[in-house]
Amino acid sequence: MTGFFESLTYNNLNPLKFHSVLFFVLFTLFYLFYAFVYKNIRLRNVLLLLFSLYFYYKVSGLFVFILILTATVDYFVGFWIYYLESLWKKRFLLILSLTVNLGYLFYYKYATFLMHIFGVKEIFADTFIDKILFPIGMSFFVFKSLTYIFDIYRKTIDIPEYNYINYLLYVSFFPNILAGPISKARDLLPQLKAKHDITEDEIGRGIFLIMSGAIKKFFIADFLAINFIDRIFDSPSLFGGFENLMAAFGALIQIYCDFSGYTDIVIGLACLMGFTIKPNFNKPFLSQNITEFWRRWHMTLSSWMSDYLFYPLSYFFRRLKMIGVILAVLITFFISGLWHGANWTFVLWGCSHGFAIAFETWTKNLRYKIFGKINQRFYKISSIIITLNFLVFTIILFRASDINKAFEMYKIIFTRFDVSIISNWIHVYFYPLLVLLLGYILHFLPQKLNDNLTLKFISLPWILKSVIFFIVIVIIYQTFSSEALPFVYLEF
Amino acid sequence: MKNPLVKVLAILFFLEILLFATSLLMPLPELNLNGNKFFFRFISSDELFDFRFKVKENATAEKLFTNYSLNQPFDFTAFFKRKPLCFGEKKISETYFLNPDIGNGVLALDKFFNALYTLNDTTTLRIAHYGDSQLEGDRLTCCLRTCFQHEFGGSGIGYVPFTDITSHTQLNRNYSANWIRYNVFNSPFRNNFYGASGIVFNILGSTFGHQGMTAVPATATVSFDFNPGVVYDHISIFYGKTARPFRIISNDDSLSKKIAEDTFPATDSFFIKRLRVPSNLKKLKFELLTSSSTDLFGFLIDGKKGIQVDNYSIRGHSGDRLLNINTEYLGKQLKSLNTRLVILQFGANVVPYIYSDADCKMLEALFYKLFMKFKEANPDISILVIGAGDMINIKNGQETSYPMLPKIRDAQKNAARKAGCAFWDLFDAMGGKNSISSWAAKGYASKNGHFYPPGQLIVANELYSAIMAEYHMYLFKQRENNLASKTK
């Protein structure tokens, strides 16, 4: 166990990762205690809180204090909002909480971007503002904490959380602190206060999800990124239109497998501890339009955006009728794009989806009429194909490192589409192509098949489960890079 | 086990035991399957039990980077203002640069140096830079060209093919869809009369005529929008066998105005003919009209005099297929072009497929054959071989250099020595084993060994400095000889 004790402190060059041996060892040690205290709610929550804070410290270092500060401020603000009678005082506190939470987010995430936009980057060169580091997971824990404040303000939650430990644990709960899924207070807080009888079913499901998540992340997403997609997105001009288009198809499945793989691991870990976290994905590429896509992709963020941004905005613009709805959609998606990253690529990506949904809202009646007149099966399949292609083309904006590279890729796809290189490309990129196809095939397989497999795995004896887990690790290891890429959504 | 959580613990512990057991029981970290083509890997005990954080910086590479300040905006002129070398300055270590004696005290690069030494005010001396995707779109070559032209004069960007699968670093190129691009590597031409670059272009529709069936007129277009800073004196068309004369209409694309219409004669060999195009026009459009099959090689965009470096790159290529070019035809072309130095930069594409010493021997023989072909094609040229650079291989979950890379480098070096060619060791110049991680971390190269613009500048400058050190040795030797003859 060389260097084990030194590895227990924070190292900014080597933050703790879910897919590291160190996490595996730490989680086993944690679980050793958890298995014996989990029936005692207080002890269980104290243990979970300590491990969650330590986990965040190992990932982000002293930024753990910002996490504690955010949670503490909102814990007290939540109380005051609940108990104060006066509406303007409630509003003042809501604005205070928003200012604190979004203030952190703006400072850490958007300060550099804003300096760039306003052309003052040089003025602040080499100052502390120029050296701001973004704490991993801040976008997620800030949204989680805000959910609680909004729910108290709107009285969606009956009473505020009295127990500080429970509240701090809700914000810092280690499985989903880094990249979601964004649990709402009304979903997770009651679970933290309840006693769990963890069943064999939950445990089998948890392990199965961890394995399937790891396969998606390492076998598909990382393999594609390292062996194909990164090369093209790094220097698109060195490749032809066909290769750039294939990279866009690859990027879509890569990001899906990366994020849904991460989500599976998170849900699986929570399952092992007896908690239920809402899923984030439901076969998004089967969507027939972009509106449906956002009901199947990053569902917890969509739900957050709908509840706390889109509906209030729609209400605000209600007198404008259809235009009001479209305005609300566009603003929501502009902010959603910006939430994903302080870069014009994300803003444009968000806006492109916003415009697509606005178009769908505008033409809803017309589309219903068409739907009634033509073959429904044809309509559905063509809708899925059109939607998938829209997603492929817009993912270029999401995945490109800057806007110039994204536009360069579009230009190459439309002006240098040389089909003569296809056979050579297949020869050179045969394995990435196989993995790419595998990714899409696995996605399109019926959910029932996955459910049956899960049930079969659950029914296996524990020793067989271990052997299967071992085989999965060995298979993944064949494609594993020592510098396995960080989960894409950790950056948001 | 009534408590289901104890089962989870049991699963975790059993899993760790299995991983530990395989790490101990497997005699080798990997199992060789399918004749060296696939290795089944096992997690090593180090990976399971060594929690130390390993810093991946390569000290030699880091030291090299300290010589370069690559901040934006980039000052190209200042970058090339290096300390002038003195006559007789100490020779660079042979581990980096090999310039072997090819007999009678003559060194491998002396023919090129002699041409450089006697370069006059009316001629253009050319360097042919052959390579794979490392050089695609004029990458690396453009930096090397800047170095040479900065010191010895010259302008223009040299050879530019009509189409490519990559964009060009010095211009924006658009072309019609009816170009057919053949190359020695993966799209062979019907005969072995390729251009010196290993590429031939035909215009779709005109090919039937060549076979004596029908003469079908065809027109193809290509337009260039040069980057700011590109300066040239004239443009020439470089073409091979053609049954009938063909025409090129040149247009100033910024004004959509016809400038000239040139007719070029038929030939059974090849021609390099100037177009009547004014110097330094920024946007040009060419319409090529043929009525028979015409084997076109590309444009030459040159200055009045000085040095020109031509980029002859083909993606995926390892150099071996250049053997398919007709040797005599290649020799004549190199002579007509006044190419006096051939730089051959290959190897990256074979690195993943070399597993044993026997493979290296085979590679050495192949490279020797290639180098000798160029010598045979034109004995008046010097040849400089650039060895394969560092590349990442993911093995046992660790990123390391390909283990055979030093041996591949040695094979190239041995072949160069035997053939009487100079050799520059890119692998060692980069910092040796695992140096690519440092290059990649700095954003100078990708892990698979392709250099990004700052990396290209460093490599080109290091290469140029190494050549110049040898040149100054040559000048020193010349001066000594002159003094000796005067004394006599």
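Biologist: Which residue does B:Leu98 stand opposite in β23(B)?

Modeller: This is a predicted model. Two bridges join β3(B) to strand β23 of chain B, residues 422-424, and the two strands run antiparallel. Within β23(B), the residue opposite B:Leu98 is B:Phe423.

Biologist: Which are the edge strands of the open sheet in chain B?

Modeller: Six strands make up this open sheet, with mixed pairing, in the order β3-β23-β20-β19-β6-β18 of chain B. Two of them pair on one side only, and these edge strands are β3 (97-98) and β18 (306-313) of chain B.

Biologist: At about what angle does helix α6 of chain B run to β18(B)?

Modeller: Helix α6 of chain B covers residues 141-152. The helix lies across β6 (124-131) and β18 of chain B. Its angle to β18(B) is about 170 degrees.

Biologist: Is B:Leu135 buried or exposed?

Modeller: B:Leu135 is found in the loop between β6 and α6 of chain B. Beyond its neighbours within four places in sequence, its contacts are B:His129, B:Leu140, B:Thr141, B:Asn311, B:Ser313 and B:Gln345. A residue needs 20 or more C-beta neighbours within 10 Å to count as buried. B:Leu135 has 25 C-beta neighbours inside 10 Å, so B:Leu135 counts as buried.

Biologist: What distance separates the C-alpha atoms of B:Leu135 and B:Phe451?

Modeller: Along the chain, B:Leu135 and B:Phe451 are 316 residues apart.

Biologist: Which residue in β10(B) is the bridge partner of B:Asn183?

Modeller: Strand β9 of chain B, residues 179-183, pairs with β10(B) over five bridges in the antiparallel sense. For B:Asn183, the bridge partner in β10(B) is B:Ile199.

Biologist: Which element gives the most to the side of domain 1 of chain B that touches domain 2 of chain B?

Modeller: The domain assignment of chain B gives domain 1 as 59-154 + 305-488 and domain 2 as 158-304. On the domain 1 side, β6, α6, β18 and α8 (327-337) of chain B each supply at least two residues. With seven residues, the element that gives the most is α8(B).

Biologist: How many charged residues does the side of domain 1 of chain B that touches domain 2 of chain B have?

Modeller: Across this boundary, 32 residues of domain 1 of chain B are in contact with 26 residues of domain 2 of chain B. By class, the domain 1 side has 11 nonpolar and 12 polar residues, and the number of charged residues is nine.

Biologist: How many nonpolar residues does the side of chain A that touches chain B have?

Modeller: Between the chains, 44 residues of chain A are in contact with 36 residues of chain B. On the chain A side, α1 (21-37), α8 (200-234), α17 (422-428) and α20 (462-477) of chain A each supply at least two residues. By class, this side has six charged and 14 polar residues, and the number of nonpolar residues is 24.

Biologist: Is B:Ser256 buried or exposed?

Modeller: B:Ser256 is found in the loop between β13 (246-252) and β14 (257-264) of chain B. Although B:Ser256 is not a glycine, its phi is positive, about 50 degrees. With 9 C-beta neighbours inside 10 Å, B:Ser256 counts as exposed.

Biologist: Near what value is phi of B:Asn280?

Modeller: B:Asn280 is found in the loop between β15 (271-274) and β16 (283-290) of chain B. B:Asn280 counts as exposed because it has 12 C-beta neighbours inside 10 Å. Its phi is positive in a residue other than glycine, near 60 degrees.

Biologist: Which helices do the buried residues of α6(A) pack against?

Modeller: Helix α6 of chain A covers residues 164-172, and its buried residues include A:Tyr167, A:Leu168 and A:Tyr170. The helices of chain A that the buried residues pack against are α2 (41-60), α3 (64-83), α5 (138-153) and α7 (185-193).

Terms used. Residues numbered from 1 in each chain as written. Chains lettered and ligands numbered in written order. Predicted model: local features only at pLDDT ≥ 70, side-chain atom pairs only at ≥ 80, totals over all residues. Pairing = 2+ DSSP bridges. Helix = DSSP H or I, 4+ residues; strand = E, 2+ residues; numbered from the N terminus. Contact = placed C-beta atoms within 7 Å. Axes fitted to C-alpha atoms, helices over the stretch in contact; angles between N-to-C directions. Domains from an automatic or database assignment. Nonpolar A, V, L, I, M, F, W, Y, C, P; charged D, E, K, R; others polar.
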